[in-house]
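Have a look at the sequence and the 3D view before reading on.

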Amino acid sequence: MRSSATPMHLPLLLVALGGVLLTRPAVGQKQPPAKPRVTGTVTAAAYLPADVLFTATLSAPDRQLAALRPRLASFAEEPAAAAILARQELAQGRLMLFGLAGSVGVDVWKALGAVLGREAAIAVRSRGPGQAPAVMLVLLPREPELFDRLLENVHGLAGLRSEGKPNEARSTVEHGVRVYAAPPNAFHCRVDDALLLSNDRPMLLEVLAARGSGSGLLASAKRYAGALVRVPQNALAWAWLDAKRLRELAGETGLPDRIDNPLGGLLFGGWWEMLRKSDDWLAWMTPVSNGVAVRVQAAAEALPGTHAGFVPDARRTSTVPDWSSLDGFVGELRLSRDWHDLFAQREALLTLSASSDLANFATTVSTLFGGLDFIHDVLPQVRPPLQLVAAEQKFSDAVGVPTPRLPAFALIAPLRADPTVPGLPQRLDSGSLMALSLINLDLAQKGQPAYMLDVQRHAGQRIFVTRFADPSATMGMRMAPDDASPAGRAPDDPEPDKPPASVRYNFAPATAVLPEHFVIATSTDLLREVIDALTDGDEQGGNTAVPASAGKVRATGDRLRLDAAGLRRLLLENREALVINRMLEEDRSRESAETEIDVALELLARFAELSLVADIAGDTATARLEIHMRRSPANEE
Amino acid sequence: MATTRREFLRHTAGAALLATSPALPGFLARTARAATPERERSVLVVVQLSGGNDGLNTVVPYRDDAYYRLRPTLAVPPDDVLRLDDGLGLHPEMVALKELYDDGLLGVINNVGYPRPDRSHFRSMDIWHTAVTEPEDVACGWLGRAADRKPASDVPYLMQVDDAALPLALKSERTLVPSIDRLETFADRPEEAVEAAVRAPRADASDDLQFVQRVSLNACRQAARIREVASAESPGVDYPGFRLAARLRQIARLIAADFGPRVYYTSLGGFDTHSQQVLTHPRLLRELAGSVGAFFADLRARGVLDRVLLMTFSEFGRRVAENGSRGTDHGAAAPMLLAGVGVQAGLHGGVPELAALEAGDVPYRVDFRSVYADVLGGWLGVPAGEVLSGVTARAGVLRRGGSASH
Amino acid sequence: MDALRPFEPSAARPWDHAAASHLLRRAGFAPSALEVARALERGPARTVAELVDGAEESPRHVELDEIGATLAVRDDIAGLRGWWLLRMVHTRRPLHARMALFWHDWFATSNEKVGSAALMLQQLRTFERHALGRFGDLVRAVSQDPAMIVWLDGDENVRGRPNENYARELFELFTLGVGNYSETDVREAARAFTGWHQRQGRFHFVEGAHDAGEKTVLGTRGRLDGDDVIELALRQSACAARLARGLLAELLGPEPPEELVRTLGGRLRATDYDVADAVRTVLGGAELFDGRWYRARIKSPVEFAVGVVRSLEMGVPAQSLAQAVSEMGQRLFEPPSVKGWDGHRAWLNSATMMVRMNGARRAVQGGFDAEALCGRYGLDSAAAAREFAARLALDGRVPDALRGLLADASGPPHEVLRSALLVLMSSPEYQMA
């Protein structure tokens, strides 16, 4: 009765298309050596005005498409693709493309390749405040003849030409070139070997006028050319943003100088400062084995002294193990910060309210860790990088499986080998115990499931662990049986014997103070594994002074790594929770929610790993995103 | 104690009948409203300091040796104190409030508390919210009960400007208490066609429909007024970048826009300073003083200074002796601040008697309910005895015949 | 004159669009055009019968129903709030949904004290199970409902130290009303409920805590227990009158005439408190179609919001629906006190009104698919769209001044539909049911 015309999430669609594009043999290796970017034959930049805010270029899109063709064709037959392609708006476009291709007697792939050509670029320019921006698309066909035949058919269909002659009412000749106007406001022209398409007539005419003189065009703009030399020859695509002009346009209302959030400010403050001050941002994509790498660079003056905590001295940096060897590894986040320095500079780095929140947080932690002064005692002892790892966890039968089911997390803070505070390990130890007791007390007061505290030994280390008491002793945490089953459970619940339990059972905190690390984990199993990984090399060497052993690296910069298989298992375990969320928050039927989640899971099966490495060195901030695909789509489980 | 639902329905219906004048055209209703007597326009702004504000480091007994002896690391040095008289002074971060004090706009009531103080945050906060010290199940707060004494009206009497849950103090038997954190909720002005449709006269409208029409009209008008006030922002007043300042600024706008509520309620948290008090407490006081100072400058600029009384309270003060973590633990009596032209400016309630501590705490000399009684009876025009179940003693901290008072 | 005699359409009181919409609003939520068309086709008697007997639930409702337990296990009260509202949006048994909500107000229990989504859900299930059943069964079930026991301190009610909380509200609010019992009755009844505890989310009778001694309640002496007290309360005519008044205020409008209260009360007693019979009598009675009850009630926030969504046949995210309803002053599972919500005029002040207007705007301008609706109902001209909007929102009974405003709108039909609905759904008349 009701139309649930909620559009499929755009991100999902992008992921889907991304998945298709990336699942292919490394394209770059098969490609002929690329031409130099700036000089030589005509590039798309020769048809764009110099004062664009943003431009992105695809290199040889026709060849990329041809290389993708087998993969695309096979993908199109899979259920995930079927679900995407069945969408009305896509189906219409497909139909049109088929018709068009047929009209000139080529197949649809060929037609699409001909349209995209040997280079395709898009650029955006401001039309003043409050106005939608001007956009221009440049296509450089490799086979102009075929292209023109296609174009002629489109012109015929759109009524721009009839009987082989241009429709004079809907086109004019400007600078010797015929410019067509298609409603509501699309203008295009064929010039030399290029097709120019824009929503802004003046921009189009400007380019046509400048074409002869060669000045005022992006190809000859110094800053663009200067940036472009950094793009390697084998780049599949690149993009450039004129941050300086953007700032000028934004004026007072531009980027605020600080992030109004304590966590955000400490995580991204250095980045924010670099991005805020850099004149242009450059990004490019290159093929890597079974995937692609995207590198984003922003150059600006080096960070001011107040921001030194964002680029800690590499000599103080601790080594880190290869966390991906953890059982059930899902992901890791590594942050290189000098926390003590950042805290000291908080008023210079954060907004008033954020710095106030941070101070509140520090006193709360001090209170929780009874007697331990977080700022003066703890922070100066912490070495970079701070690490957060996530791995799957198992749940005991007594507790049941929480919903949603989350991975276990561990926070690893390297400590100075020579603490400036006497008795720090002991104090951290007793502080952790006190914190656990306080949290427990709070839970008990709120009538929530409480822990049982225990002290154990692992690998020669004392560890504090917790486990949950029998949940049935806690009022109200479980449903009365007559309501919990059978209707309350999805038919495909993987573990029908275990009743779903409260989300809180995901967190059973455990801590350890090692000679050079402080670790907090949300499960005892993960804590033990982390301790093993941290002490592994040490035991063999028997000496902490030994340089980074195999599997350990001295790490600078930030890193986010996600294991697609781990992530997928996680999603699979929480499929029902995700489906429920879609049913409620997008008001969709179970069937449509399940389809969407399953499509996402299927696409995720094509990925192997995603990693983001970010670093600020001197005057350049670089972020490198690498996406690796599986060699063959996995559908185990 | 409780009115029954039926009695209460009767009461509401009767009151509503009075409030609704059938067939009163829109413009007449507007005129009637514009003619609301001045005394009906007094506004109370409550700032709750959550967590237990350290009273002794807020209003410092800088001549008392015991203070310095019991607080070796936390005491404010005598020379730093912003002196109010020769015994007490404000914390050095409270410059803006010292200025209000010098302008005769600030009253400091020391040693406010209640008998047999409770040191649990929750219990003590409940006591301050309900103004009932005995452990009873009281469902409504003192301000909520005050609202229940007012005739039914189509404008809210109480409003919370905060992102916290509705405090018990505002819980009322009869009225819905709106809560906003951002003014944007109300800044969406209805389209012209909508306003016109609301305004259009109806033939044979029932009493209830007329009521709804009046409420709708009010809503449209207030939305328009808020937008007007927001766009014609007085540029002279600079609020500091604190969250409390942002909230007080919204309240100033709402008051200036005649939004209607007589009581605005907001809060500032983080006062539970068990450790490293130096790190947070001065900053909180700076936020409090800076925000309130800017608020009063703004009220003055908007020409509504004489309509507003601001009151601060906290669930308890803190112990006199500092603890081993350079902090202080839960205590008892503490100062309340009252600001506005209606206040008897100056110091009330005496000096904290550190020589006569009760279980390590400052003993109370002023019952907080007597301050409530002042505010209810002397400022909001509500019979305090009814609201405070018999407590009628007044602290006497308001001026008699203050310009906006009842 | 029997005001509760069945409604017979006549020239003066025809079974037309306005009458059908009026009935559907009172028996549920503002209906979609499809629902009105179906009611018109079936006539008043069959429509009422179907409302009371309940159609087969929609697949979407069935699906949603199944996930409630999962939300409860997560102790996700906000999730349950949205889930309940979304079920109201998708139900084909709107009267049952409205009655469950009515009981939630009647036996108002707040999660602020109960603190368990699982218990609140269990209580809601009880309301739903007995939504149109026998009131006696419902009172007995509620008296043993774990959420209610936590809410009114049943666990503290033990022999020798009776806690009167439940006994008092049972008499004052749930059955008799003030003036129909004495303080002694409350004290004695509390003794009868001693030992009625809950444990791990289930009713748990603690023999040792129960006072099995003699009590005198409402004039009867004996070794009374809780069920006996409930039985004694139900026997009082005051109980039937109180329930009759409540039902009439909900279905007919505020301050129902005492004569009607007496008649319906008598009927309730005669049928052993058959709620379905009482509701059928009121909804199918001639009185409901008397002009004075038309637009006589101010919609509750739930009625308003769910009505907008249902009548526009749109999809809606559960959380934002719950958020809007809460901001309008009706936070489900957290009524302000054991007295429930005051309702009617107390729903509205300028702030809550503003939230209603904003909500209507969001729905009309953003949420709903105007083009799809135009297609579904063949609205191919501005005039058709205008007329459709007027009927959908205000039964076509649009004040003259508004008609003029609507005529100003121009453009394609779906645009006209949007702008007309915006004006109509923000109008004072739309706030009335």
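Predicted model: local features only at pLDDT ≥ 70, side-chain atom pairs only at ≥ 80, totals over all residues.

Begin in chain A with strand β6, residues 171-174, and strand β7, residues 177-182, which run antiparallel and are joined by four bridges. To find your way along this pairing, look for S171(A), which sits opposite Y180(A) of β7(A). Two residues lie between the strands of this hairpin, and there H175(A) takes a positive phi near 50°.

β7(A) also pairs with strand β8 of chain A, residues 186-191; four bridges link them, and the two run antiparallel. Here A181(A) has F187(A) in β8(A) as its bridge partner. β7(A) and β8(A) make a hairpin too, with three residues between them. As you look at strands, remember that in a regular strand the side chains alternate between the two faces of the sheet.

Now move to chains B and C. How many residues of each chain are in contact with the other? There are 46 from chain B and 46 from chain C. Together the two chains bury about 3600 Å², with 62% of it on carbon and sulfur atoms.

Charged partners meet here as well: five salt bridges are counted between chain B and chain C. One of them pairs K171(B) with E112(C), whose closest N and O atoms are 3.4 Å apart.

Which helix of chain B gives the most to the side that touches chain C? α9(B) does, with 13 residues. That side of chain B is made up of 25 nonpolar, eight polar and 13 charged residues.

Technical notes:
Residues numbered from 1 in each chain as written. Chains lettered and ligands numbered in written order. Heavy atoms only, no water. Contact = heavy atoms within 4.5 Å. Buried area = accessible area lost by both parts, 1.4 Å probe. Salt bridge = Lys/Arg side-chain N within 4 Å of Asp/Glu carboxyl O. Nonpolar A, V, L, I, M, F, W, Y, C, P; charged D, E, K, R; others polar. Pairing = 2+ DSSP bridges.
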